[in-house]
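Me: I would like to learn how to read a protein model step by step. Could you take me through it slowly, giving the general idea before each case?

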Amino acid sequence: HPPPVATDKEEQKRLLENRPDQPQQPRVLRVAIIGAPNAGKSTLSNQLLGRKVFPVSRKVHTTRCQARGVITHQDTQLIILDTPGLTNPLKAKRHNLDEAMLTDPWDSMKHADLVLVLVDVSDHWTRNSLSKEVLKCLSQFPHIPSVLVLNKVDILKKKFLLLEIATDLTEGIVNGKKLEVKSALKQDSSSSAKSPLHITQDSPPESKVPPGSPLGQERNQAQEGSGLDRSSDVGDAGTGEGPKHHGPKDLQDRKGWPHFQEIFMLAALHGEEVDTLKRYLLMQAKPGPWEFHSDVLTSQSPQEICDNIIREKLLEYLPLEVPYGVTQVTDIWEEGECGELLIVQSLLVPRESHKRMLIGKGGKVISRIAQEAGQDLMNAFLCEVRLKLKVLVK
């Protein structure tokens with residue numbers, strides 16, 4: 001079971017500063033999760049961690065800063081870098097976003113050993129090409145191994161589209177091999193809608209990965225992580241030289257990235273196939289010292305988690321740009337008589353009309369926000385939480 005987050009700021013700080021309890025042969029992997037806003041990065045991070053510590057909402061730019069999640073499993077530590085959605089200066093200005101949201105995803109790439117590129121396959125406008133920002137990111141760091149993760153596959157009614165999407169996003173090449181689409185299509189009619197992963201169960205012999213390779217072991221353990229077959233080696237992609245640096249001109253006409261090592265298909269919201277991905281990540285870890293004590297689940301302070309989760313609910317229940325103008329001030333954060341955590345927070349809004357919206361008819365909206373946020377905080381802190389919210393005009 002993942003550890004809870006400490007409710008006391010000082011205790012969490014002490015845990016973060018604690019020397020990691022290194023096992024005899026520690027292994028570590030730093031994973032950056034990048035993608036367009038709203039692809040499901042935070043949902044996937046929470047599922048991998050097994051506890052909700054990152055805010056999630058259908059509105060774009062819920063994640064405002066780069067936070068870390070820590071998964072400690074036996075002798076291996078995975079550090080998940082949950083990043084803001086890759087955006088451009090124009091959109092950042094429109095959503096009132098600070099400079100950090102433009103630089104954070106790039107910073108996390110610099111520190112990553114592996115990058116997961118998350119694509120929302122339920123969005124038919126964007127699913128057949130990687131965004132320019134994602135391509136730019138990958139081409140700036142071509143030496144970092146990358147994996148394509150197709151998310152929200154449960155929403156996709158026509159499962160055969162997954163092959164088309166995968167082919168477009170990888171330019172038909174994965175791990176230096178050509179995607180074997182033909183045999184996959186034959187299988188598709190019988191593959192269940194629930195499990196799009198096993199699109200090709202009987203792969204042609206020449207496309208089998210050698211059983212000794214880490215990829216091969218993973219394949220067996222994770223029931224063919226991607227379910228898509230590779231056949232013959234392709235050009236320089238298979239020579240082991242690794243991807244070349246692409247200039248902005250090359251990216252102009254690109255839709256996909258031919259240097260992904262694997263493809264995973266999952267439904268992060270329901271946790272479907274997330275374990276398959278997690279096992280793969282644990283296997284990719286390299287020998288190296290742990291960065292965090294095994295009792296640490298996230299680098300965020302308890303206060304940050306609380307603010308983020310309340311803001312998530314504001315984004316969820318308030319229309320248009322209203323939630324982006326709310327300022328949060330914590331008035332009380334203390335332990336009650338029976339050991340419960342008492343939190344009182346003031347929400348400052350710029351206009352009287354916003355205040356009415358936030359309170360809702362008969363106080364319905366604000367009490368729903370307080371109830372749901374309180375529930376999420378109990379899950380993060382594993383203790384009783386009493387949350388009170390007040391709405392004031394600035």
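Reply: What follows goes from the overall picture to the sheet, the helices and a few single residues. This is a predicted model, in which local features need pLDDT of at least 70 and side-chain atom pairs count only at pLDDT 80 or more, while totals for chains, interfaces and linings use all residues. Residues are numbered from 1 along each chain as its sequence is written, and side-chain values use heavy atoms, with hydrogens and water left out.

Me: How many helices and strands are there in the protein?

Reply: Helices (H or I, at least four residues) and strands (E, at least two) are DSSP runs, numbered from the N terminus. By that reading the protein has 13 helices and 13 strands. Buried residues, where buried means under 20% relative accessible area, exposed over 50% and partly exposed in between (1.4 Å probe, protein chains only), make up 51% of the 394 residues. Contact means heavy atoms within 4.5 Å, and among contacts between residues at least 6 apart in sequence, 74% join residues at least 24 apart.

Me: How should I read a sheet, and in which order do the strands of the open sheet lie?

Reply: Strands of a sheet pair through backbone hydrogen bonds, either parallel or antiparallel. Two strands are taken to pair if DSSP finds at least two bridges between them. Here 3 strands form an open sheet in the order β11-β12-β13, with mixed pairing. At its edges are β11 (327-335) and β13 (385-393), each of which pairs on one side only. Axes are lines fitted to C-alpha atoms, for helices over the stretch in contact, and angles run from 0 to 180 degrees between N-to-C directions; in this sheet, neighbouring strands are turned by 15° against each other on average, direction ignored. Strand β12 (residues 341-349) runs parallel to β13 and is joined to β13 by 9 bridges, and Leu348 stands opposite Leu392 in β13.

Me: Which strands does helix α11 touch when it packs on the sheet?

Reply: Helix α11 (residues 302-317) touches β11, β12 and β13, and its direction makes about 130° with that of β11. Helix α13 also lies across β11, β12 and β13, running at about 140° to β13. Within α13 you can find Ala373, which counts as buried because its relative accessibility is 0%. Not counting residues up to four places away in sequence, Ala373 touches Ile309, Ile310, Lys313 and Leu387.

Me: How do I describe two helices that pack together, and at what angle do α12 and α13 cross?

Reply: Two packed helices are described by the angle between their axes and the distance between the axes. The axes of α12 (residues 352-359) and α13 (residues 364-381) come within 4 Å and cross at roughly 60°. That makes α12 oblique to α13, given that angles under 35 degrees count as roughly parallel, over 145 as roughly antiparallel, 65 to 115 as roughly perpendicular and the rest as oblique. Met357, Leu358 and Ile359 in α12 meet Lys364, Val365, Ile366 and Ile369 in α13. The residues of this contact divide into 6 nonpolar, no polar and 1 charged, where Ala, Val, Leu, Ile, Met, Phe, Trp, Tyr, Cys and Pro count as nonpolar, Asp, Glu, Lys and Arg as charged, and the others, Gly among them, as polar.

Me: Why is helix α2 described as largely enclosed by the rest of the structure?

Reply: Helix α2 (residues 41-49) is largely enclosed because 8 of its 9 residues are buried, including Leu44, Leu48 and Leu49. Just after α2, Gly50 takes a positive phi of about 85°. Helix α6 (residues 161-170) is likewise largely enclosed, so you will find 7 of its 10 residues buried, among them Leu161, Ile165 and Leu169. Just after α6, Glu171 takes a positive phi of about 55°.

Me: What joins the side chains of Asn128 and Asp168?

Reply: A polar contact is a pair of N or O atoms within 3.5 Å; within protein, one must be able to donate a hydrogen and the other to accept it, and residues adjacent in sequence count only if both atoms are side-chain atoms. The side chains of Asn128 and Asp168 are joined by such a contact, of 2.7 Å. Asn128 itself lies in the loop between β4 (114-120) and α5 (132-140).

Me: Is Arg19 buried or exposed?

Reply: Arg19 counts as exposed, because its relative accessibility is 76%. Its place is in the loop between α1 (9-17) and β1 (27-35).
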